[in-house]
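Me: Please take a close look at the nonpolar core of this model, and say how far the confidence scores let one read the coordinates around it.

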Amino acid sequence: MGSLEERAVLELEEHSLVNPGSVAGKIHSFKLSNGGGGGSDDISSSNSFIESIKIVVFSTRLNILMIFGPIAIIVDKTSSSRSWVFLSSLLGIIPFAERLGFATEQLAFFTGTTVGGLLNATFGNATELIISIFALKKGMMRVVQQSLLGSILSNMLLVLGCAFFCGGLVITKREQVFNKAVASVNSGLLLMAVMGLLFPAVLHATHTELHFGKSELALSRFSSCIMLAAYAAYLYFQLKSQKKLRDQINEDESQSEGSSDDEEAPEISKQESIIWLFILTAWISILSGYLVDAIEGASTDLKIPVAFISVILLPIVGNAAEHAGAIMFAMRDKLDLSLGVAIGSSTQIAMFGVPFSVVVGWIMGRPMDLNFQLFETATLIITVLVVAFMLQEGTSNYFKGLMLVLCYVIVAASFFVHVDPASSQDKPHKHG
């Protein structure tokens with residue numbers, strides 16, 4: 001049996017020269033199908049699912065925070081303290097968001113690198129999108145706008161900055177290098193998103209609408225459809241036009257890192273990954289409902305502006321998986337993957353998440369628009385320009401990372417003292 005497995009592995013290694021990245025999954029599936037030694041399929045599948053529970057639920061110490069999920073529900077039913085419900089659900093979402101990223105990475109082993117990257121970006125942002133939908137149902141449009149803006153800012157400044165900083169500290173002999181072409185495409189899309197958000201804000205601030213109260217919303221919905229079409233074209237560009245480039249990068253990485261087969265092997269099967277994606281997304285949806293309900297009360301109890309909660313606290317929780325993943329990739333000198341996680345996630349939120357929320361609000365009958373107000377829009381413009389300048393050389397070091405993190409600290413401090421004039425939820429702080 002051992003020689004048969006060795007021969008299969010050798011054949012798969014030869015196949016990897018043609019299709020890199022699929023070896024680990026096929027070796028794993030070969031071992032699953034041949035490792036039972038004659039046991040029944042039902043027993044092996046049940047044992048396999050028990051193993052997957054051990055891997056997903058008990059493999060990281062962060063999962064101790066999962067207990068805060070049920071605590072948030074109990075506190076909500078038995079107490080009137082909104083701040084405790086908010087803090088409990090916030091802490092409870094963190095491990096589920098991180099495990100959602102893990103399950104997506106496991107599924108990516110079986111789908112290939114290009115589709116896997118898109119899956120990572122999509123499910124990595126699932127937490128923010130779920131929170132946005134619940135907030136839209138409650139009519140809290142400013143919370144939706146600010147949480148999506150905060151997700152873009154935290155990915156571009158905090159996540160990317162920490163990746164550059166940690167990678168620079170570990171790789172000390174030289175500057176790390178990444179693909180400038182991919183970075184420039186993402187920077188261009190982010191600038192397009194800035195354009196989409198800038199004009200409604202300027203139109204509102206200058207009172208130059210053709211039909212007051214209607215032109216701004218109509219322009220937002222039109223621009224959202226254009227942005228969604230541009231994002232669809234970007235997906236096609238990624239999946240088709242850049243496939244050869246990505247395959248070449250993957251071949252180079254596989255040739256330079258021949259010893260990484262053990263750490264690259266999937267830990268759970270394809271079916272288990274899909275099941276866990278549904279379970280984790282359902283739990284995040286439940287906790288997001290409690291989180292959104294408690295935002296206003298927590299803001300009043302804790303004396304923290306809703307803008308700070310929406311822009312800083314919610315995205316840090318939602319980006320827990322990306323944060324850890326981007327840093328880990330950078331420390332392994334895989335900066336293209338770090339950039340794909342941080343900038344790719346920002347691009348998806350800006351070009352898909354924001355216009356998607358406008359369209360969903362349109363369907364729900366909510367006047368969700370792209371007018372993020374001048375303060376937030378100016379913050380986004382400056383952030384995109386700073387990051388674009390950082391990326392133009394195609395190299396990174398710990399100092400660039402430190403500058404990005406410090407920029408995020410300035411942004412966080414700004415929102416802590418910012419009272420949002422467009423949000424009635426922030427008014428209690430004037431009297432506090």
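**Confidence and core**

Reply: The protein averages a pLDDT of 78, and 78% of the residues score at least 70. Over residues 1-43 the pLDDT stays under 50, and the model has 27 contacts beyond four places in sequence for them, a contact being heavy atoms within 4.5 Å. Where pLDDT is low, the predicted coordinates should not be read in detail.

Residues are numbered from 1 along each chain as its sequence is written. Because the model is predicted, local features need pLDDT of at least 70 and side-chain atom pairs count only at pLDDT 80 or more, while totals for chains, interfaces and linings use all residues, and side-chain values use heavy atoms, with hydrogens and water left out.

As for the core itself (buried Ala, Val, Leu, Ile, Met, Phe, Trp, Tyr and Cys residues joined through side-chain atoms within 4.5 Å, buried meaning under 20% relative accessible area, exposed over 50% and partly exposed in between, with a 1.4 Å probe and protein chains only), the largest one holds 97 residues, of which Phe86, Leu160 and Leu391 touch the most other members. Helix 8 (residues 141-170) supplies the largest share of this core, 15 residues. Leaving aside residues up to four places away in sequence, Phe86 touches Leu291, Ala294, Ile295, Ala298, Ile309, Leu313 and Leu314.

Key: Helix = DSSP H or I, 4+ residues; strand = E, 2+ residues; numbered from the N terminus. pLDDT = per-residue confidence, 0-100.
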